[in-house]
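Okay, thanks for coming, everyone. Let me put the structure up and then walk you through it.

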6 protein chains.
Amino acid sequence: VATVPLIAEEAAPAEVKAVYDDIKSRRGVDRINNFWKALANDPANLARFWEDMQRVMGKGALDPLVKELIYVAVSITNNCEYCIHSHTAAARQRGLTDEQYREFLAVIGLAARANALVTAMKVPVDQQYLV
Amino acid sequence: VATVPLIAEEAAPAEVKAVYDDIKSRRGVDRINNFWKALANDPANLARFWEDMQRVMGKGALDPLVKELIYVAVSITNNCEYCIHSHTAAARQRGLTDEQYREFLAVIGLAARANALVTAMKVPVDQQYLV
Amino acid sequence: VATVPLIAEEAAPAEVKAVYDDIKSRRGVDRINNFWKALANDPANLARFWEDMQRVMGKGALDPLVKELIYVAVSITNNCEYCIHSHTAAARQRGLTDEQYREFLAVIGLAARANALVTAMKVPVDQQYLV
Amino acid sequence: VATVPLIAEEAAPAEVKAVYDDIKSRRGVDRINNFWKALANDPANLARFWEDMQRVMGKGALDPLVKELIYVAVSITNNCEYCIHSHTAAARQRGLTDEQYREFLAVIGLAARANALVTAMKVPVDQQYLV
Amino acid sequence: VATVPLIAEEAAPAEVKAVYDDIKSRRGVDRINNFWKALANDPANLARFWEDMQRVMGKGALDPLVKELIYVAVSITNNCEYCIHSHTAAARQRGLTDEQYREFLAVIGLAARANALVTAMKVPVDQQYLV
Amino acid sequence: VATVPLIAEEAAPAEVKAVYDDIKSRRGVDRINNFWKALANDPANLARFWEDMQRVMGKGALDPLVKELIYVAVSITNNCEYCIHSHTAAARQRGLTDEQYREFLAVIGLAARANALVTAMKVPVDQQYLV
């Protein structure tokens, strides 16, 4: 259960409805997922977040699939269940193969282990990385 | 200051020296960075970690640059200063451009914000992501 | 399922019962929530935590509602589901309005984003903040 | 040392300069702190973040001082050194007293302890919080 | 629901089956828990992780029960629900008493509180700890 | 630089001085480390934390060295530099050997890796752990 009501499409005020319609048309989907329905309690923030998401996650110098993997990596480390599920699904939709996902998970595990060891031993940063 | 001595190359026992030499030859560098010198207090673990790193971070279904970015994403979220510095440097060595880094940072910021909002509102996972 | 039994009111030893009664009378509620029932496996710790909670969360130089919001901010960032639910509810009971909650969430999102960006870029602390 | 160059005021392109000038005039300060100088490597993101910060952190249904405390609470839990220093300073500038800061710290400590205990014991959320 | 299929024992390829059999025989259990069934999507990683787990968690200079408690302490702080449940159970199997668990939880709570306070106040490390 | 003044022994009010003296006499040391000098800005909290620390960290069903290792495990995962340094030092003082520390670090690394993998794949908790 969310701490806020999820704003259903049929109950959405015009300002929210406009964003919902834009999400559906740009993504080619016919329903709005819960993240937006929760955000919609703050219509101005909803519109702004949707703008940011399009601006940031689209094709640029990095591939959209790569961006999704970076997004999932952050979400795993922050332990955001919703974000892990929705963006792993988004990565698959953008073409993530099983082989790539296996490699992704191996990097996640390696980095988490290295992070813990380095932090435990307080390894000083080498001079070469500081220029 | 580290919580363990950093094992200098000239003081390394044979088992450690062999790993150091392998790192230098495979990476084409002439010095060992502090991470390995700290790990070297446990020679068996050093050898195993170096094996894992080669196995995991090399070219596969994902590009080595992409793997570095995923590694940095985890390290930022875990706030591991050493790892951020060393793997951002590694990503640059693997060809990360300024434009790509800007986009990377924008994804990091967006994911962190979304993670916090979703966690705050306890948004329930949509059924569609659970199949 | 908890890793410890939840100590029901009718099964509580006298030492625990006394704390339960104090919680109910001071809070004006007629049932004990699960946090205390789990803590009650360590009666001394239960009594001490309840003392701390009253001492810390009551009216002082900061308003109790403000204290709840700070508590929720920590709980979100630590991703403690129980704590988010129970203290968001407590904040509402202390008068949190929808408008205030919207603003609270916006701050949470902004701070999380800024934290990630600053950590990613290892921005050095300005001299002016170090005096 | 940051992973990006800090864009000095005199070296800033027009787009960045405009934001710097706005920051200085609205805040009544005569220098730009490092956060903005790091963000300025991505001028579009700099402008957008500055807009967000004004929109979110200003006076609303919550007091600006309360917003700073929420911001610092997130930053402490994320362990963002820069953010802790800069926003604790900002809170003091907005009138935070020593007494209020003492109470703030006590809440931070209490919440962190409760979060850890609840997570350790996996306390199930009471039904009453789920409506 | 996991993001990968859980590889059932009867559907496991030979390479995975061999690890499953080793787990069952060394642990004296007759079923494989979900962690291994998820890892089994990457058979090489499965084998390697099982090797690491035996090497790391067995009797050495530290007692296996102590190792489990350290493992649980990390898992609590990372908020890994599965890991908390499975390794608290493992600790109990290795003889953890209720009294020990109470003391363990008290240390967890104290450390989390101290960590938050120290991070909030940015307490400088004493010279004596840096030699 | 701390966000609060460190209260020197010679400047401490009587209430703080009494705690300082107790720390020095019980620990057999002749100086107070910075953690207490920072906490001392809130004398009531200082006294209470010192009480808690003695109550929690002393000999009980768990050995004081084991308690220090659990404390360090939490501090590493929370990335609290001060706490890692001071409690790793405390563990050494309580007899931690190099061999034990190596094993401790191996457990830390293994748990961090497993936590990340399990969280990434959202492995469902086995029924057997939920009773």
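This is a predicted model: local features need pLDDT of at least 70, side-chain atom pairs count only at pLDDT 80 or more; totals for chains, interfaces and linings use all residues.

Residues are numbered from 1 along each chain as its sequence is written, chains are lettered from A and ligands numbered from 1 in the order in which they are written, and side-chain values use heavy atoms, with hydrogens and water left out.

S75(D) sits in helix α4 of chain D, residues 64–77; helices here are DSSP runs of H or I with at least four residues, strands are E runs of at least two, and both are numbered from the N terminus. Contact, for me, is heavy atoms within 4.5 Å. Skipping neighbours within four places in sequence, S75(D) is in contact with C80(D), C83(D) and I84(D), plus N115(C).

While we're in chain D, look at K24(D), which is in helix α1, residues 14–27. Leaving out neighbours within four places in sequence, K24(D) is in contact with E9(D), V29(D), D30(D), R31(D) and I32(D). With E9(D) there's a side-chain polar contact of 2.5 Å. By polar contact I mean a pair of N or O atoms within 3.5 Å; within protein, one must be able to donate a hydrogen and the other to accept it, and residues adjacent in sequence count only if both atoms are side-chain atoms.

Next up, chains E and F. How does chain F lie relative to chain E?

How much do chain F and chain E bury between them? About 5800 Å², with 72% of it on carbon and sulfur atoms. On the chain F side, L110(F), M121(F) and Y129(F) lose the most area to chain E, together 11% of what that side buries. Buried area is the accessible area, 1.4 Å probe again, that two parts lose on being put together, summed over both.

In contact terms, 64 residues of chain F meet 63 residues of chain E. There are 26 residue pairs in polar contact across that interface, both at pLDDT 80 or more. Helix α6(F) gives the most to the side of chain F that touches chain E, with 18 residues. There are also 5 salt bridges between chain F and chain E, where a salt bridge is a side-chain nitrogen of Lys or Arg within 4 Å of a carboxyl oxygen of Asp or Glu. One of them joins E103(F) to K67(E), with the closest N and O atoms 3.2 Å apart.

Zoom in on N34(F), in helix α2 of chain F. N34(F) counts as buried at 10% relative accessibility. Beyond four places in sequence, N34(F) is in contact with L6(F) and Y82(F), and across in chain E with V123(E), P124(E), V125(E) and D126(E).

Now chain B against chain E. This contact takes 7 residues from chain B and 7 residues from chain E. Together they bury about 740 Å², 37% of it on carbon and sulfur atoms. V1(B), R48(B) and R55(B) supply 64% of the area that chain B buries against chain E, more than any other three residues. The rule finds 4 salt bridges across this interface; in one of them, R48(E) pairs with D52(B), closest N and O atoms 2.3 Å apart.

Most residues other than glycine have a negative phi. N79(F) is not a glycine, yet has a positive phi of about 60 degrees. N79(F) is in the loop between α4 and α5 of chain F. K122(A) also isn't a glycine, and its phi is positive at about 50 degrees. You'll find K122(A) in the segment after α6 (98–121) of chain A, buried, with a relative accessible area of 14%.

Key: Buried means under 20% relative accessible area, exposed over 50%, partly exposed in between (1.4 Å probe, protein chains only).
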